[in-house]
Amino acid sequence: MTIERTPRNDKELWRSLASQPAVAPAAVAEMDLAAWLEGRLSEEAAAPVEAAVAADPALRRAALDLADILGKPLPAAPERMVVRARALVGFEAGRAAPAGGLFGRWLRGGGLFGGSSHALQQGMMAVAALVVATGGFVVGGGLGESLAQQREGYYSKTETASTTSATTSNEVSEFFAGDGI
Amino acid sequence: MAELNQIDLRALARGDKRTWDAFVVAAAPLINAVVRRTLASYRLSEEDVLDAAQDVFVRLCAQDFRLLKTYDPERAGLPTWLSVVSRSCAIDHLRRRRQATEPIDDVPEAALGVEDRHVEKLKIPDGLLTARQVLILKYLYDEERDVTDIAKLLAVDAQTIRSTHHKALQRLRAHFREDEPPRGG
């Protein structure tokens, strides 16, 4: 163990001293550090923040970096960064590239009539649901019954026709038989 | 930055999609700059930088915007607070990445070694210097920063920094009875 002589130069003097506090300062809250960076803290409130910044070399550099960044115009962020961040909230980001066509416009919210009324959109959805339900009924039970009726009518007509045809045939036979042919 | 200050924070904290999109556009340049500056010395890939920036946005909106709701406009501007949060997130991202990818065997021994030389330093008594004096001396001598940079950070003029520095050294010299250097030969 050596004890170095107190140097004469200011810088050497400082570096020969143990400037780290015996007890590490408490971590600084982000809000406190932001307030300190803006110079909004009183001398009393700023002291613990300054002690913490002084004790942490990374925080010392960060404070200067942030002050520098906040004081000058910044370049635009990459488009990918913006797109990814936007997608974190809501689901509209998934529709960023909307489907074209009239139906796509209608799905996106009433663009069909040039407005974006939510009530109009809901009304149209209800009409669409009604059309689908009616169509399902017709294609299912309704049309099946109709077809059955048609089929039944066809058979009864065929039966009548064949009966009529048979009667006519008998009468002609009887006519020829009656004449002795 | 001006756009960032015009964001409706209540709508943002409610999770309003349009407000969030506007916030992202306004905040992205700042978050991008802070994350890049924080990670600059670690030579990370562009993908890592984008991931770290995404972590900032995730942290802001996570758990129903819990972090965002802690922001107090009375205490600091949104850009300043956001820059502090971005830096914290970038450091967290770096720590997670290093823990996940750097086995202890890959770390050079020199980085893990402890210097054998021990020099006993004189301790500065508590209360001898103010926190600001210590901070200024550290910036000047440990970080070797320019007086104007420190003045800008602390929002004072350069002369105030010089004066604070001078008073701090006077107190140190008085306490440790530092002799004046011998003049001449």
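My notes follow, starting with the ground rules.

**Ground rules.** I am reading a predicted model, where local features need pLDDT of at least 70 and side-chain atom pairs count only at pLDDT 80 or more, while totals for chains, interfaces and linings use all residues. Residues are numbered from 1 along each chain as its sequence is written, and chains are lettered from A and ligands numbered from 1 in the order in which they are written.

**Chain A.** I found seven helices and two strands in chain A (DSSP runs, H or I of at least four residues for helices and E of at least two for strands, numbered from the N terminus). Along the sequence, the pattern reads β-α-β-α-α-α-α-α-α. I then looked up burial: 14% of the 181 residues in chain A are buried (20 or more other C-beta atoms within 10 Å of the residue's own, with C-beta atoms placed from the backbone).

**The core.** Next I turned to the largest nonpolar core, which has 65 residues (buried Ala, Val, Leu, Ile, Met, Phe, Trp, Tyr and Cys joined through C-beta atoms within 7 Å). Helix H3 of chain B, residues 17–39, gives the most to this core, with eleven residues. Ile31(B) and Val35(B) have the most contacts inside the core.

Technical notes:
A residue is buried if 20 or more other C-beta atoms lie within 10 Å of its own, exposed if 12 or fewer, and partly exposed in between; C-beta atoms are placed from the backbone.
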